[in-house]
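I am opening my notebook on a structure that is new to me. I will go from the whole chain down to single residues.

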Amino acid sequence: MASASLRNRPSRFILSNRVSVKPDERKRKAEPTHGMNRTEANIPQSMWRNRRSSSRQDDQAKGRFSKNEKLDPKHMRMAQSLGVISRAQRYEVQSEIDKWVSFDDFDLLPSIKEGIAKGALKGLDTTEPSPVQKLAIPVLTGQTTRRRHKQTINDKNPYETFLIAAETGSGKTLAYVVPILDQLKRSEEASRKNDTAGTNMEKDPAPKAPVKELFDLEIPIVEPKEDKENHGKPRAVILVPTSELVTQVASVVKSISHVAKFRTTMISSNLTGTVIRNRLFSGPLDVLVSTPYLLSSLAISNPKILSKCTHLVADEADSLFDREFIYLTTSIIDRAQALKKLILCSATIPKSLDNRLAKFYPAMQRLVTSKIHTVPRRVVLSVVDVHQNPYRRNKLLACADTLSQIAKEHSEEGFVKKVIVFVNRRESTTEIVSFLREKGFDAANLNRDTDDRRNTSVVDYFTGPKVSADPEAPMLEKMKVLVTTDIASRGVDTKTVKNVLLYDVPYSTIDFIHRLGRVGRMGKRGKAVLFVDNDTNKAWVKEIKKSMFLGGPLL
Ligand SMILES: Nc1ncnc2c1ncn2[C@@H]1O[C@H](COP(=O)(O)OP(=O)(O)OP(=O)(O)O)[C@@H](O)[C@H]1O
């Protein structure tokens, strides 16, 4: 059994610091002019230690760093981390982003623009595209072509590949949904025009009826059957790792589809076989949102299900290309023989995935914002040591006390305060919920073992709009607490949640980013509280806090 100290150690899963760089450009690092625009030397820590022994070099270094910075090896590491995206790349990304102001600047069909304004972003004060949308939409629609990134389609690269990587809550879903819907609509209109042209051609020379011979057989006139050729064959497929995300992403697609008229459906394991069959095969289908498990098993019984798929998205790509899913994901991609665009999307790109993608898709175009792997500075992280007084190792008490302090705060006046408590193990959720309920909190748990239907309604509540609170109700009744595992940390759009508690120290920086990413979404403010004890790697926590304070990536 793993000891407590082992459990609290950060995992060896390391975030990539070269996500935005194409594999062939990485080699250029050896060029003598590389890194001339750096403000900090990119010296490995080991070399830095050797250098300190030399007084001459030490003197040189004195000129470059202030007294504290020079002596702090952690700061050296930070300086290297901040060099993740070089100034030139950052400048390039920023200048591309700055070209666009509103959705009207994009070369999108009017029905899609209407779908964004009246559907996806309905009721929002601002409807300006977010930075990742400004970066991805023009490239994915073909409005901007960067010669350096041009992908040649040939036998080796039969389709274009893209990686959208940006910080949590930055609007990545719309960044891929909008161009896909636009392209589907355009190809639909093009084929309709072709059909009309074909019909007109047929009309012109009226075919002569063949002269009937005396003993000619009467051929029965077959009524044209309803064209079932396209039933159950979506033109675009969006893969996400969990059923909760299936519902969420499908609702974004539907919000545009209602206005722009698309046939969208979603399937997940909590639906019965009959419902899934009806949704898939009752008519032609434009967009399908599914988990890889379900779609790959359907593809075995219906081998043609992916035959019309021209656009495929793997959202939360770091999950869909990890050991659990990679076989399913790649088998789905391989079955899509008509594929034109493969889009991978994620808020975190671990080094292992980055290397795998560089190997699988060397020509992949990387649409990466400079804030990748950062937690918005609007999110404030505080740390509570449960070993200290007044908690004396009682973590449950520390959690309840923190929650009651949040309940007392004069924030979110008139609305129910929604708080999420993240734990590492699903068994802990039940224990914490029963303790909190004993203390009078309105708490619910959510993990892989809880009932699917109840999960859906809980997720709906926490991802839904603000809920008015009864002004007469007692303080604790104006707060809802969700105790959950990572199931609710990836991609779940908890836009009205202002507080998260990290009851357990996350296993990796990646988990940190996703859990903290449930607050501070799309420019909002948020607070996070992390509970630590004597087994926690406090140096690591300190570094994370520092990176957050500096607005740098958590590496
Ligand atoms: N242009 C926009 N203006 C205002 N709000 C937007 C815009 N685009 C998206 N949003 C809103 O921002 C929120 C976050 O969007 P989304 O879920 O796509 O983020 P994300 O980057 O995929 O997050 P995560 O990494 O956690 O999956 C959603 O509530 C969405 O409605």
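**Overall look**

I started with burial: of the 555 residues of the protein chain, 40% count as buried. I noted at once that this is a predicted model. Next I looked up the secondary structure and found 21 helices and 13 strands in the protein chain. Then I turned to contacts between residues at least 6 apart in sequence. Of these, 82% join residues at least 24 apart.

**Two domains**

I looked up how the chain is divided. Domain 1 takes residues 83-192 + 228-372, and domain 2 takes 379-550. Their C-alpha centres lie 30 Å apart. I then checked where they meet: 19 residues of domain 1 are in contact with 18 residues of domain 2. On the domain 1 side, helix 11 (residues 243-260) gives the most, with 5 residues. I also sorted that side of domain 1 by class and got 5 nonpolar, 11 polar and 3 charged residues.

**Strand 6 and its partners**

Is strand 6 (residues 341-346) enclosed or open? I found 5 of its 6 residues buried, so strand 6 is largely enclosed by the rest of the structure. I then looked for its partners. Strand 1 (residues 160-165) runs parallel to strand 6 and is joined to it by 6 bridges. In that pairing, isoleucine 164 has cysteine 345 of strand 6 as its bridge partner. Strand 5 (residues 311-315) also runs parallel to strand 6, with 5 bridges between them. Here leucine 312 stands opposite leucine 342 of strand 6.

**Isoleucine 164 and the core**

I stayed with isoleucine 164. The largest nonpolar core has 122 residues, and Ile164 and Val421 touch the most other members. This core draws at least three residues from each of domain 1 and domain 2. As a reminder to myself, nonpolar side chains tend to be buried together in soluble globular proteins.

Which residues does isoleucine 164 contact, leaving aside its neighbours within four places in sequence? I listed Val132, Ala136, Lys172, Ala175, Tyr176, Ile343, Cys345 and Leu367.

**Helix 9**

Helix 9 (residues 131-140) is mostly covered, with 10 of its 10 residues buried. Just after helix 9, glycine 142 takes a positive phi of about 85°.

I followed strand 10 to its partner, strand 11 (residues 479-484). The two run parallel and are joined by 5 bridges. In strand 11, valine 481 is the bridge partner of alanine 443.

Last, I looked at what covers this sheet.

Definitions and conventions. Residues are numbered from 1 along each chain as its sequence is written. This is a predicted model: local features need pLDDT of at least 70, side-chain atom pairs count only at pLDDT 80 or more; totals for chains, interfaces and linings use all residues. Domain bounds come from an automatic or database domain assignment. Two residues are in contact if their C-beta atoms, placed from the backbone, lie within 7 Å. Helices (H or I, at least four residues) and strands (E, at least two) are DSSP runs, numbered from the N terminus. Ala, Val, Leu, Ile, Met, Phe, Trp, Tyr, Cys and Pro count as nonpolar, Asp, Glu, Lys and Arg as charged, and the others, Gly among them, as polar. A residue is buried if 20 or more other C-beta atoms lie within 10 Å of its own, exposed if 12 or fewer, and partly exposed in between; C-beta atoms are placed from the backbone. Two strands pair if DSSP finds at least two bridges between them. A nonpolar core is a set of buried Ala, Val, Leu, Ile, Met, Phe, Trp, Tyr and Cys residues joined through C-beta atoms within 7 Å.
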